[in-house]
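The following paragraphs lead the reader through selected side-chain arrangements in one protein structure. Please view the sequence and the structure together while reading.

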Amino acid sequence: MKDGSSRRRARRIAIGAAVVLALAGMNGPALYRFGSDQYHDYKINKAEYKAENGKWDIVEFPEEYRLNTIHAALLRTGKILLIAGSGNNQDNFDAKKFDTRIWDPVKKTIKKVPTPADLFCTGHTQLANGNLLIAGGTKRYEKLKGDITKAGGLMVVHNENPDKPITLPAGTRFTGKEGGKTFVSKDPVVVERAKKVFDKATGEFQRNEPGLGRIYVEAQKSGSKYETGTQDNYRVQGLSGTDARNTYGIAEKLALDKKDFQGIRDAYEFDPVAEKYIKVDPMNEARWYPTLTTLSDGKILSLSGLDEIGQLVPGKNEVYDPKTKKWAYTDGVRQFPTYPAISLMQNGKLFYSGANAGYGPDDVGRDPGVWDVETNKFKKLKGMSDPKRLETAGTVLLPPAQDEKYMVIGGGGVGESELSSKKTRIIDLLDDNPKFVDGPELEKGTRYPQYSILPNDEVLVSGGSEDYRGRGASNILQARMYDSKTNKFKRVADPLVGRNYHSGSILLPDGRVMFFGSDSLYADKGNTKPGKFEQRVEIYTPPYLYQGGSRPTLSGGPKTIERGDSATFSSKDPSSIKSARLIKPSASTHVTDVDQRSIALDFEKTKDGIEVTVPKGRNLVQSGWYMLFVTDDQGTPSEAQWVEIP
């Protein structure tokens, strides 16, 4: 995980009382180490090299402040929320040691924040009021075959009573009618009442369609003799009368095989001003690895994830209303793999790239397409290359967002596959018949790429690994800039740290990019030593900040701008300004960042500044807080001004 560390020279500089910045050098494009490490450091720190390739620095927090960052989000205060939860560490989970930090990259401070639940592998998205909505997380860690002593699995409880639901408490016993074996539920379950089904033509009653509830059950005693081999019907003990007649369980094989992670229903808003979690109503479904994304009406869609029994949520998607802070199911059922890359289009429908981060059947919900949530209709999109290698791929809305072009970057085979893709695929959703076409290739097959939109309309693509979770020392120490105008990649300075699973990147308000995380399965090429979580944060300073001269300035102006309205900001040299962009702050995890978008603004130069106009489209310019950047004719951006679009 510490690739090339023996070659690096590091010098630590104390920054405040909280953060230590280790400045290190690493090989850049076409830069070979003919001489000493000292000469290498000298070369990459030369002004002309940095102006062409940029520079990487490492931020290493003091030991007591280090954490396994699984999730990161830029808050409207300019601070970074770093969420570990239990940090993929079962010892932390068992001890209920859950972790969140807030890092201020300007003041260089970091502090701990009380974390109310295990928000490891949660879902999150930016809300219109500037809060971060966080939903789901971990109820139980996976259990591998060999670690399981009691046979268990999914019990589907049926209720044939059309008049009322029934609640079964934790500890309910289910006894098989054929095998006679008894299993015990781990949690309470509410089973909805049966639905009366009528003939559409005649209106005559036909049957009761049972209400269903899903629950995890375990054998009463340990041992393989308590496993079941086939499906069985189960009598619910403790019921009498009509409840006993109407309620029963059905389970497939209940065994000692591997059990997946289990999710939770908990949901919170994180307030960036108070810097604390605020509990809101829980979701209807427990979710581990869910995606949250904003809809046309400002509500938040939560979809996919593993439920409280470790099964893929069976297509029961739901929305959060920020006004009422409550959840409601959507009409219709549609299933996706976990962490699906899905985001709002300008026509109000949702684009699904097919990229995801991992759990679910290889033949369910993996086709890219356009989804109308209101009608539940899904139109598949054609042309995707390497369609079987979309797991752990990245998806980015290319700038400017008005063009509605997406790039799908790399990816790999389903599960722990060693297969990976060099492909990038681009689709123009404004085309009359949109289909994917190949973009420029990466040098290596790449799972877990990190990607960030920059204020000058370039996209920084970095890191990843060729194999699953960096197996075989396959981390990729390369970074590239993608230019959507030329449709080409340009190699830039190489990152210092290998990053794969549980990593991501965040554009900062000063135009730099922060990288976090990485969770290699092994620490050596031979896959014999267990990996260690990468706790170091890395900062990439793009070439545009080494161009020389002064960068454009932006100040004053309103904090709130309505869609379709204009606003004036001061600037020292308005004549040099070439573009203006609203960039939505990132919320990144597991190769998924559906919040990222850069919106082009029309503008006019004034004597002392610039007047920008915000587009009218609500689906293009979603309500919320944005970073406003201007970029000059040399491609150098200003520092961002925060503005709210109500």
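Rings of Phe, Tyr and Trp (for Trp, the six-membered ring) count as a pair if their centres lie within 6.5 Å; planes under 30 degrees apart are stacked, those over 60 are edge-to-face, and the rest are tilted. The model is a predicted one, in which local features need pLDDT of at least 70 and side-chain atom pairs count only at pLDDT 80 or more, while totals for chains, interfaces and linings use all residues. Residues are numbered from 1 along each chain as its sequence is written, and side-chain values use heavy atoms, leaving out hydrogens and water.

By this rule there are 25 aromatic pairs. One of them joins W288 and Y359 edge-to-face, with 5.3 Å from centre to centre and 75° between the planes. W288 lies in the loop between β23 (276-280) and β24 (291-294) and Y359 in the loop between β29 (350-352) and β30 (369-372), so the pair ties together parts 71 residues apart in sequence. Ring pairs also link W288 and Y359 into a cluster with F93, F120, Y141, F261, Y289 and Y339.

R76 lies over the face of W625 at 4.6 Å from the ring centre.

Terms used: Helix = DSSP H or I, 4+ residues; strand = E, 2+ residues; numbered from the N terminus. Lys NZ or Arg CZ within 6 Å of the ring centre and 35° of its normal.
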